[in-house]
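Here are my notes on the model you sent over.

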Amino acid sequence: MSSNVRPSAVVLGALIGDWHSASGPAYRQLASAIRQAVLDGRLSIGARLPAERELAAALGVSRTTVAGAYSALRDEGWLASRRGSGSVITVSSGNFYENGLIPARTPVDPDADIIDLTTAGRYAPHDLLDDAVDRAVERMRALYRTDGYFPMGIGELRERIADRYTADGVDTSADQILVTNGAQHGFSLAFGDLSHALDRVIIESPTYPMALDLIRYLGRVPAPVGLLPGHEQPWMHDLIQSAFRQSAASTAFLIPDFQNPTGALMDAATRSVVMEAADQAGTSVIVDESFRLMALDELEMPPPMSYFDTSGSGVSIGSLSKPVWGALRIGWVRAGPSVVARLGVARALGDMSGSLLDQLIALELMDQLDTLVADQVARLRVSRDVLAGAIADLAPDWDVIHPPGGATMWVRLPQAVATDAARIAPRFGVVIVPGTRFGPDGTMDNYLRLPLTLEPDRLQAAVPRILAAVEAAEATSRPAGIDGWLT
């Protein structure tokens, strides 16, 4: 797999960070830093490294040091040098274990006390939902005299969704909204309309795994762009511009609002850079806004990505699944009227209309959405702080990426054992997801994604179980090679 992205020497220096320690040969330290950037997902498989002389000048070291680092990486199977292509990041069977898709989860005793940390969805807000359901049933009786088919969505709901975009600074009309059966349905329609088989799709690394699965299922090729989790702005402008310029991608899938899994928030300047680069490259940007309402810190939200979409070629996707309830299958696509019309036709080929009852429930909740979200956010904020505190107490050497919003926490382990820990975790009473699930090439095996959606006491009880699984994995890990799978 080739990402067709060549980070400049300056960008590579930023990706590997402070690599020069006091001990060991400099070339070994540099090779280790580049290797770790690959394992963390910051540097993607297939990326072309800068020329030796260029990198030496950027890092302030001798060319001999860079040449030695590249040579060591080639000897270890992390780098391949090809005439006309330079030095390209690669993998070998000694570095990763290719086991196809996601391995089967270890069987779990249904009667056992297992804490499931694999999903980031909360239970329903039953008090508000009960009233909304009752009122929606009354509304539905008025539709009995229709044929019940609304392939674009109920008109009033489309108007209410459009009004929210307008209130957020982006003028939107109802004919720019298509109501879908959740965000995933919107992704499927958008990718099907805006891309073709074998097209490249720019994605963040890490990214939302279900979108990554969809990209592969549709025969598209992911082109990952590494993030710098924990930095004030994890999206690097030079790397973004390089990805759009070099990859010839037809589409990009991005999560700028409390990114899943890192929780990062893209600032306004970066949003402008992304949309300008996409416009110049002729790339359509598909944006997941599922977590936009879920700010856990007090902060000023940047405008939506569509605010910076001067060409009108982008697609924004939202959902009520995260702020309300996963079983309420209401999502939407916001795009230009012509794109929405095409998506409506495509939708009707396999799904004549969404559930009227779900749409009417969503309509009833719109007036209370901000109140409902505020309640959910307050609960998530408590859970975030409890989880971070428990990790700090029991596993202080774990690096917690503090999320300013969203429903997940991205945690870096001292060793790359997340996959093995996930395999054996049910024995310790917990089910977890390793970082390898969130990238296209088996890297990030030293990360775990932990949801904030469980009650604080369950999250606190989960931490010692996760720690036990990680320690057991560390005790049995193979010193040569990195256990993981390609997802």
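The points below go from the sheet to the helices, the cores, and then a few single residues.

1. Ground rules. This is a predicted model, so local features were kept only at pLDDT of at least 70 and side-chain atom pairs only at pLDDT 80 or more, while totals for chains, interfaces and linings use all residues. Residues are numbered from 1 along each chain as its sequence is written, and side-chain values use heavy atoms, with hydrogens and water left out.

2. The sheet. Seven strands make an open sheet in the order β4-β10-β9-β8-β7-β5-β6, and the pairing is mixed. Strands here are DSSP E runs of at least two residues, helices are H or I runs of at least four, and both are numbered from the N terminus. Two strands count as paired if DSSP finds at least two bridges between them. At the edges sit β4 (177–180) and β6 (221–226), each pairing on one side only. On average, neighbouring strands are turned by 20° against each other, direction ignored.

3. Strands β8 (residues 284–288) and β9 (residues 315–319) run parallel and are joined by three bridges. If you want a spot to look at, Val287 has Ser316 in β9 as its bridge partner. As background, strands of a sheet pair through backbone hydrogen bonds, either parallel or antiparallel.

4. Helices on the sheet. Helix α6 (residues 155–167) lies across β4, β9 and β10 (331–334), and runs at about 120° to β4. Helix α11 (residues 337–350) also lies across β4, β9 and β10, but at about 30° to β4. Angles run from 0 to 180 degrees between N-to-C directions, with axes fitted as lines to C-alpha atoms, for helices over the stretch in contact.

5. A helix pair. Which residues of α7 meet α8? Gln184, Phe187, Ser188 and Phe191 do, and on the α8 side they meet Met210, Ala211, Leu214 and Ile215; contact means heavy atoms within 4.5 Å. The axes of α7 and helix α8 (residues 209–217) are 11 Å apart and the helices pack at an angle of about 30°. Their crossing is right-handed, meaning that the near helix is turned clockwise from the far one by less than a right angle.

6. The cores. A nonpolar core is a set of buried Ala, Val, Leu, Ile, Met, Phe, Trp, Tyr and Cys residues joined through side-chain atoms within 4.5 Å. The largest one has 67 residues, and Leu117, Ile391, Trp398, Ile432, Leu450 and Ile466 have the most contacts inside it. Helix α13 (residues 369–394) gives the most to this core, with nine residues. A second, separate core has 50 residues, including Leu30, Val38, Leu43 and Ala56.

7. Ser195. This residue is in the loop between α7 (183–194) and β5 (200–205). Is Ser195 buried or exposed? Ser195 is buried, because its relative accessible area is 1% (buried is under 20%, exposed over 50%, partly exposed in between, using a 1.4 Å probe and protein chains only). Its side chain reaches the backbone oxygen of Phe191 at 2.6 Å. Leaving out residues up to four places away in sequence, Ser195 touches Arg220, Ser250 and Thr251.

8. Cis peptides. Two to check by eye: the bond joining Ser205 and Pro206 is cis, with omega about 10°, and so is the one from Asn260 to Pro261, with omega near 20°. Pro206 is in the loop between β5 and α8, whereas Pro261 is in the loop between β7 and α10. Asn260 is buried at 5% relative accessible area, and its contacts beyond four places in sequence include Thr207, Tyr208, Phe438 and Arg449.

9. Positive phi. Most residues other than glycine have a negative phi, and most peptide bonds are trans. Ala248 has phi near 55° and lies in the loop between α9 (237–247) and β7. Phe258 also has a positive phi, of about 55°, and is found in the loop between β7 and α10. Ala248 counts as exposed at 68% relative accessibility, while Phe258 counts as buried at 1%.

Technical notes:
A polar contact is a pair of N or O atoms within 3.5 Å; within protein, one must be able to donate a hydrogen and the other to accept it, and residues adjacent in sequence count only if both atoms are side-chain atoms.
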